[in-house]
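Trainee: Please take one part of this model and walk me through it closely. I would like to start with a helix and then follow where it leads.

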Amino acid sequence: MSRVFRLEVPATSANIGPGYDSLGLALRLVDTLVLTLGDEPVDPDAAVTVRGEGAEDVPTDHSHLIMRVLSDVLAQLQGESAAAIMTRLSLDCTNRIPHSRGLGSSAAAVVAGIALAGAVSESLGGPGLTRERMLELAADLEGHPDNAAPAIFGGLTIALPEPARAWTVPVRTVETVTVLIPAVRLDTLTARGLIPATIAHAVAAENSARTGLLVHALSTDATALLEATDDRLHQEFRRSAYPESMALVDDLRARGIPAVISGAGPTVLALTGDVPAEAVPAGVRAVPVGIDEEGFRLEFA
């Protein structure tokens with residue numbers, strides 16, 4: 001008898017200005033995945049169906065990122081039987097998270113693969129995975145936990161590495177944010193490579209203070225959001241990689257709107273649902289979204 005698993009995993013915005021590689025926010029912009037464990041093997045070259053974002057770019061066989069992660073984690077949980085299980089899996093994806101835009105699409109895929117592996121294993125009588133263990137696995141695969149943490153736990157998260165762990169913070173001062181998504185893409189590794197290996201002590205100290213202030217602003221005092229989101233650690237170093245996005249950040253901040261680069265960019269995150277239409281450049285999509293308080297959601301269909 002077939003088993004069907006339905007999963008929703010949210011987009012995430014990492015850093016939120018000064019919280020480089022530590023702060024992350026889950027957004028109500030989700031990919032929906034349906035995994036079927038059938039009784040018979042499926043065609044391995046057509047095991048994945050994709051609609052929406054990235055449909056023309058991602059593979060439809062077991063080299064798809066979700067399937068690769070699922071296979072690796074399932075092998076840890078099910079041992080030698082994992083390979084036979086994988087032949088019976090088919091995945092249907094409805095993608096809404098833009099790819100290579102700084103909205104955590106790869107982290108969403110990694111979290112999805114891990115969550116589905118745990119669910120499949122548990123449904124077959126094997127071990128499952130706690131969310132805490134999922135974060136450890138995701139951070140190992142991603143290299144940092146800042147996007148994976150909110151995708152797993154929801155809301156605003158503060159994450160630490162090695163071993164990866166995270167704490168959630170209630171967001172009480174912001175209900176809706178706006179993601180301003182350009183048509184261009186940016187590879188995360190390219191963006192990370194622009195940040196120098198060392199920075200001045202004064203810059204680190206100021207950014208640490210602003211990160212603490214940002215947590216306070218999001219939980220308690222909205223009047224501090226503009227001051228708190230003024231990053232000095234990474235955005236300026238990356239300006240050459242996304243000059244139009246940084247110009248948009250500058251313009252929004254001049255209007256009093258707390259705006260930052262979302263993750264590695266080039267998407268801009270404004271911590272308000274009310275961005276004036278005249279402030280949105282041509283070719284940029286302005287999408288108001290709520291904050292996802294739950295993290296990924298998985299059910300047996």
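Trainee: Which residue follows H1, and is its phi positive or negative?

Mentor: Gly-79 follows H1, and its phi is positive, near 65°. Some ground rules come next. This is a predicted model, so local features need pLDDT of at least 70 and side-chain atom pairs count only at pLDDT 80 or more, while totals for chains, interfaces and linings use all residues. Residues are numbered from 1 along each chain as its sequence is written, and side-chain values use heavy atoms, with hydrogens and water left out.

Helices and strands here are DSSP runs numbered from the N terminus (helices: H or I, at least four residues; strands: E, at least two). H1 covers residues 65-78, which is 14 residues. At 1.5 Å a residue it should span 20 Å, and its end C-alpha atoms are 19 Å apart, which agrees. The expected span is 1.5 Å times one less than the number of residues.

Now its inner side. The buried residues of H1 are Ile-66, Met-67, Val-69, Leu-70, Val-73, Leu-74, Leu-77 and Gln-78. Seen down the helix axis, they fall within an arc of 160°, so they line one face of H1. Buried means under 20% relative accessible area, exposed over 50%, and partly exposed in between (1.4 Å probe, protein chains only). The arc is taken from the directions that run from the helix axis to the C-beta atoms. An α-helix has 3.6 residues a turn, so residues three or four places apart point the same way.

What does that face meet? The buried residues of H1 pack against strands E2 (19-37), E3 (48-52) and E4, and against helices H2 (82-86), H3 and H4 (131-142). Contact here means heavy atoms within 4.5 Å.

H1, E1 (3-15), E2, E4, H3, H4 and H6 (188-192) each supply at least two lining residues. H3 gives the most, with four. The pocket has 39 lining residues, and Ser-105, Ser-106, Ala-107, Glu-142 and Thr-188 lie nearest its centre. About 700 Å³ of space lies in it. A pocket is an open set of points on a 1 Å grid over the protein atoms alone, where a 1.4 Å probe fits, with protein on both sides within 12 Å along at least five of seven lines; lining residues have an atom within 4 Å of a point. Points are joined across faces, edges and corners, and the volume is the space filled by probe spheres set on them.

An unreviewed UniProt entry annotates a "binding site" that runs over Pro-98, His-99, Ser-100, Arg-101, Gly-102, Leu-103, Gly-104, Ser-105, Ser-106, Ala-107 and Ala-108. From this set, His-99, Ser-100, Arg-101, Gly-102, Leu-103, Gly-104, Ser-105, Ser-106 and Ala-107 line the largest pocket. UniProt positions use the numbering used here, feature names are shortened, and annotations may be inferred rather than shown by experiment.

Take two of those residues. Ser-100 lies in the loop between E4 (89-95) and H3 (105-123). Ser-100 is partly exposed because its relative accessibility is 32%. Beyond four places in sequence, Ser-100 is in contact with Ser-105, Arg-185, Leu-186, Gly-265 and Pro-266. Leu-103 is in the loop between E4 and H3 too. Leu-103 has a relative accessible area of 1%, so it counts as buried. With residues up to four places away set aside, its contacts include Ala-11, Leu-27 and Val-179.
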